[in-house]
Amino acid sequence: MNKKEQYRMIPKTDVLLELEEMSELIQRFGRELVLEQIHLVTDELRDRIREGEVIEGRIEGLPQEVGVRLEKLMSPNFKKVVNATGTVLHTNLGRAPLSKVHLEHIARIAGGYSNLEYELEEGGRGHRYSHIESLLCRLTGAEAAMAVNNNAAAVMLILNTMARDKEVIVSRGELVEIGGKFRVPDVMKASGAKLVEVGTTNKTHDSDYEEAIGEGTGAILKVHTSNFEMIGFTQSVEIQTLSELAKKHSLPLIQDIGSGVLIDLEKYGLKHEPTVQESVRAGADVVCFSGDKLLGGPQAGIIVGKREYIEEMKKNQLTRALRIDKFTAAALEIVLKEYLCEEHAVRNIPVLRMIRMGKEELEERAQRLKARLDGLALEAEIEVEPCFSQVGGGSLPVERLESFAVTIRPTSCSTASMEEDLRRLEVPIVVRTANDKLVLDVRTIEEEEFVHFDQLR
Ligand SMILES: *Cc1c(COP(=O)(O)O)cnc(C)c1O
């Protein structure tokens, strides 16, 4: 068959539209989309003919091909994945997972009408922050609170409200970059505050701050170096000392503590991470932190502190642009409520449950996953091995949590190709590879997700 004859084999669009399969597709997806996909598929066939391919066998499959493409087009690209990396706060995988119970609550509130900004007692306009403000005050000891889109937005709003066109003093050792291009100097610039760097990379003394205070100073900012640790000849100034200095000069003290820790993690065998309560108690006037790091809630930037400053922030026009939506408000309230009783928090908040999980429990979970994988008769060597998990999300960077993994060494394909296959499943499974094996750290795999491994069959 020559090319001309091949071109002629491609049915005309009108003919294709008359097919019964097509009318079904039109019913489901509408004429416009079906037409678009027909054009794409037939154009592709013409390209193939031009390149010398023989397309004979493809004609009958044409309606089916259009159907497959329409299904793909209409199904979400944003999907659930199984996190087998062991990194609890995996920023690329959506940071903190939320519990089923909490999600049901969020769906009930945010799925319909709610009292987001409606005062039910009085029957008039309410405030969207009212649902979380008193809760946050009680939990942190602060006078007032609010929340915005994320912690980057919180820092921006704080500086814009409290120090626009003024100088803000920051230690050189705290001019950090956090994943996703949060850079302290850049956020400051965008907020309209002027950065005054003091000290050196490794050492900053209280005298460095004091010498930098002048006419134009608007605030002192302390930033938690969340995602790295400096060791050796280092020094930074404690928040208490900064608080005394700030008071002496009648300046506000702002602290970005990164991860919103509300409980003492040391109790659970982790390294101490500064808590919000400690910052408030130590005299920070305004403290901000993320909702979806160690707090284990939705993406948000929570701000707590002195009432006068928080009230000013609520009035700032930027707040209108950065405010949380009803999904976040519902999620924050329900997650924060758990913290009223620490036992509830560590049991019901997935992030806390995961980072606290003990070795025996993890080993048992790994054995159960191995048994499931053994049942699939994969062409692979499957074992349970000790490993280390990370907290991630720019929190506790040097902490390595002892954990257990199921390791898979494929015997009939390469480790790299199996890793890729796992990523391309209907419910993708994201894994680490090490020593030519897939490492499935069970810390971040919920028992009820084991069923997704049956896709490997
Ligand atoms: C993570 C982090 C941020 C950014 O928080 P997002 O909620 O991701 O915007 C800002 N500052 C510090 C110190 C952080 O650790």
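## Strand pairing in the sheet

Phe 388 has Glu 402 of S14 as its bridge partner. Strands S13 and S14 (residues 401–410) pair in the antiparallel sense over 10 bridges. Pairing here requires at least two DSSP bridges between two strands. Strands and helices are DSSP runs, numbered from the N terminus: E of at least two residues for strands, H or I of at least four for helices.

The model is predicted: local features need pLDDT of at least 70, side-chain atom pairs count only at pLDDT 80 or more, and totals for chains, interfaces and linings use all residues. Residues are numbered from 1 along each chain as its sequence is written, and side-chain values use heavy atoms, with hydrogens and water left out.

## The open sheet and its helices

The sheet is open and has 4 strands, in the order S13-S14-S17-S16, with antiparallel pairing. Its edge strands are S13 (380–389) and S16 (432–434), and each pairs on one side only. From one strand to the next, the twist averages 35°.

Helix H18 (residues 359–374) packs on this sheet. H18 touches S13, S14 and S17 (437–441), where contact means heavy atoms within 4.5 Å. The direction of H18 makes about 15° with that of S14. Angles run from 0 to 180 degrees between N-to-C directions, and axes are lines fitted to C-alpha atoms, for helices over the stretch in contact. Helix H19 (residues 415–423) lies across S14, S16 and S17. H19 runs at about 40° to S17.

## Helices H3 and H5

H3 (residues 20–29) and H5 (residues 62–74) pack at about 15°, with axes 10 Å apart. That makes H3 roughly parallel to H5, a class for angles under 35 degrees. Their crossing is left-handed: the near helix is turned anticlockwise from the far one by less than a right angle.

H3 contributes Glu 21, Met 22, Leu 25, Arg 28 and Phe 29 to the contact. From H5 come Pro 63, Val 66, Gly 67, Leu 70, Glu 71 and Met 74. By class, the contact has 7 nonpolar, 1 polar and 3 charged residues. Gly counts as polar in this scheme, Met and Pro as nonpolar, Glu and Arg as charged.

## Positive phi in two loops

Most residues other than glycine have a negative phi. Arg 95 has phi near 50°, a positive value. Arg 95 is in the loop between strand S1 (82–83) and helix H6 (100–110). At 19% relative accessibility, Arg 95 counts as buried (under 20% relative accessible area, with a 1.4 Å probe and protein chains only).

Ala 377 also has a positive phi, near 50°. Ala 377 is in the loop between H18 and S13. At 65% relative accessibility, Ala 377 counts as exposed, the class over 50%.

Notes:
Angles under 35 degrees count as roughly parallel, over 145 as roughly antiparallel, 65 to 115 as roughly perpendicular and the rest as oblique.
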